[in-house]
Amino acid sequence: MNDAKADTKGKVLYGKLTYDRVPSTLENGLNYSAVVPKPIRNVRVVLVEYNKESPTNRELAVTTSGEDGSYSFAVPDLVTRVRVRAYAETANPPLFVQDNTNGNALYTLESAAITTTAAATVKDLNAGSGWGGASYTGARTAAPFASLDTLYSTARAFMAVRPQLNFPALPINWSVNNRPESGDIASGQIDTSHYNSGTGGIYILGKADVDTDEYDAHVMVHEWGHYFEDKLGRSDSIGGTHGAGDIIDPRLAFGEGWGNALSAMILFPDAKYRDTGGVGQGNTTLIIDMETNDSNDPTPGWFSEASVQSVLYDLFDPANESFDRVALGLGPIYDIMTGGQKSTPAVTSIFSFINALKTVPGTSASTIAAIDSVTSKSGISPVQDEFGTGETNNGGNAANLPVFRQMTVDGESQTLTFLADVNRNNKLGANRFIRFTSPAAGPLQVIGTSSGDIGLKLFEDGKLIAAADSYISGTEQFSFAAKANKLYVLAVQGFNVNGSGQYTASMRIASGEIAGKGMIVNQKTKTVR
C-alpha cells in the first residue's frame, strides 16, 4: 500500500469491495433471486480527496484490494472528506475492462463522499447488478467486475501451475450497447462475443433482453482461450460460422474445441458450457456438456469441435470413465499448447496436439495407450504424427483423406477433390493440405489449375509466407525463396460453395521462379468466437 504523503495521527479507512454475481441455470437463463456477493480482487483502489465547496479528484493514496476484496488506507489528519474509487483492472495478470462504446473509458466503482473524522472508518462498496425485479432498472456496475473476475480466475489458474508465467495485457470490452449485430464496434455492433487478434482484446455482449455474456463464465473463458492461443500459443483457425454436428476444417475444430474444453477445465467440476440470453436474460440458449463424449455429435472425429473438446477435457480431468485413464491437469496442457502445438510444422489440429503429448520425453507405452483410448472414443484413429497419417475416419467422404497429401518438388502432380456442396469455406470438404520438403535453398514454384475457384496459401511453421488467389477459375501460382531441407505446408482452399457435386484441382511443385508471381503477405486479423 502507498500511503498518503502527509502526516497522519492514525486515522484509518478500510472496508471490502464486492460485486453481485448472478448465477446461470441450465434451464431458465440467469437467476437473479440467487445473487451472490463476490470479492473484487486484486484491483487498483484509490483514495480521493473530496471537498464539497471545491470538488477535487486529488489522489491521496493507492492500494490493491486483497483476495477477499479488502482494502485499507491511512487518512491524512487534515483530510475529513474522501471518496474510494476502485478500477476494473488488475496488475497481475494485466487485465482491464473498458467501454468500447465510450472511447474505451475504464470502468470504475466509486463511493459517495465519506466523512473520516473518526479514528477508524469502515466503508464497504458493492457493485450491484442493477436488476429491479423484472428488468434492469439501475446501473449495471457489477457487469465489468464480473467479467474481470472470471478472467482473473482463468489466468490465475495457469499461474498456479506455472508460477513464472507472465501474461500480456488483455483489454476486455464490455458495454450495455454491445449487441449481436455486425457493423461499428464503437457503437456496440460486435456481432457476438469474440476475441480479435487485431486489437488483442475480447469483446463481450451486454445488450439487455437480447444477449448478455458478463455472467456466462464459460463463454468468457472460451474467448480467453483464443487470446491464450494468439498471445502464448498458436492458432491456425480460419474462423467463421460453426455449430454442433458440423464437419469442419480441422484447424477450426481444434480452436473451438479448445475454447469449450478450457472453460470446463477452469470451471471444473462444472463441465456444462452454457450461454444465456433473451428477454430478461431468462433463456439458456446453449448447453454443451463436455462429459457426454460426442453423444450429441452425429459425426465424431478429428473434424468435429465436439470431439476435440471431449478429448481435451478427458485428458485434463480425473480418470473417471472406463476409457479415460488420463488425468493431466492444467500444467501439462499449458506445456503442450505453448510447446509442440506452437512449433508444429503442420497446422494446429487435434493431430498436432496429441502428437506433441505422446512424444513428450519419458512418456510410457501405457500412457500412450491410454491417450489412444481417449481419442478412439471420439472417432479419431491412434495418432501417429502431427499430419494425421493413418487416419481412417473420412467424415463421410473418401476425398477427405489423407489429411495431408505428400508431394515432391519436381515430382508428379497431385489431384485434389473439393466438395462443392459444403456450403461454407470453413467446412472440411473445402480445404486440402499438402506437405513437401525443399531439397535445397532456392526458388520454388507452386502451381494450381482448376475449373473451379481455388486459393493457395503457403505456411512455414504456421507463418503465412506466400499466397495466390486472383482468379475464379484457371491457374493460381506463385514462387518463393525456399530454405534447404525445410518442410512447408500448402493449404488449398475451394470457393465453389452452395454448388453441387465435386470439382478438382491439379497441383504441381517445381524448381525455378515464376516471373511476377511471388507474393509475400502478412497473416490477416482473425476474429474467433
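How many bridges join strand β22 to strand β27, and do they run parallel or antiparallel? The count is 7 bridges, and the two strands run antiparallel. The model is predicted: local features need pLDDT of at least 70, side-chain atom pairs count only at pLDDT 80 or more, and totals for chains, interfaces and linings use all residues. Residues are numbered from 1 along each chain as its sequence is written, and side-chain values use heavy atoms, with hydrogens and water left out.

**View 1. An open sheet of 5 strands.** The order is β20-β22-β27-β24-β25, with mixed pairing. β20 (404–406) and β25 (463–468) are the edge strands, each pairing on one side only. Neighbouring strands are turned by 25° against each other on average, direction ignored. Axes here are lines fitted to C-alpha atoms, for helices over the stretch in contact, with angles from 0 to 180 degrees between N-to-C directions. Strands are DSSP runs (E, at least two residues) and helices likewise (H or I, at least four), numbered from the N terminus. Two strands pair if DSSP finds at least two bridges between them.

**View 2. Strands β22 and β27.** β22 covers residues 431–437 and β27 residues 487–494. Thr437 has Leu487 in β27 as its bridge partner.

**View 3. Tyr32 against Tyr136.** Aromatic rings of Phe, Tyr and Trp (its six-membered ring) pair if their centres lie within 6.5 Å; planes under 30 degrees apart count as stacked, over 60 as edge-to-face, the rest as tilted. By this rule there are 25 aromatic pairs. Tyr32 and Tyr136 are edge-to-face, 5.8 Å centre to centre, with 90° between the planes. Tyr32 lies in the loop between β1 (12–21) and β2 (36–39), and Tyr136 in the loop between β12 (125–127) and α1 (142–161), so the pair ties together parts 104 residues apart in sequence. Tyr32 is buried at 13% relative accessibility, and Tyr136 is buried at 17%. Buried means under 20% relative accessible area, exposed over 50%, partly exposed in between (1.4 Å probe, protein chains only).

**View 4. Phe418 stacked with Tyr503.** The ring centres of Phe418 and Tyr503 are 5.4 Å apart and the planes are at 25°, so the pair is stacked. Phe418 sits in β21 (residues 414–419) and Tyr503 in β28 (residues 502–511), 85 residues apart. Phe418 is buried at 1%; Tyr503 is buried at 8%.

**View 5. Arginines over rings.** The charged end of Arg140 sits over the Tyr136 ring, 4.4 Å from its centre. That of Arg435 sits over the Phe387 ring, at 4.2 Å from the centre. The rule: NZ of Lys or CZ of Arg within 6 Å of the ring centre and within 35 degrees of the ring normal.
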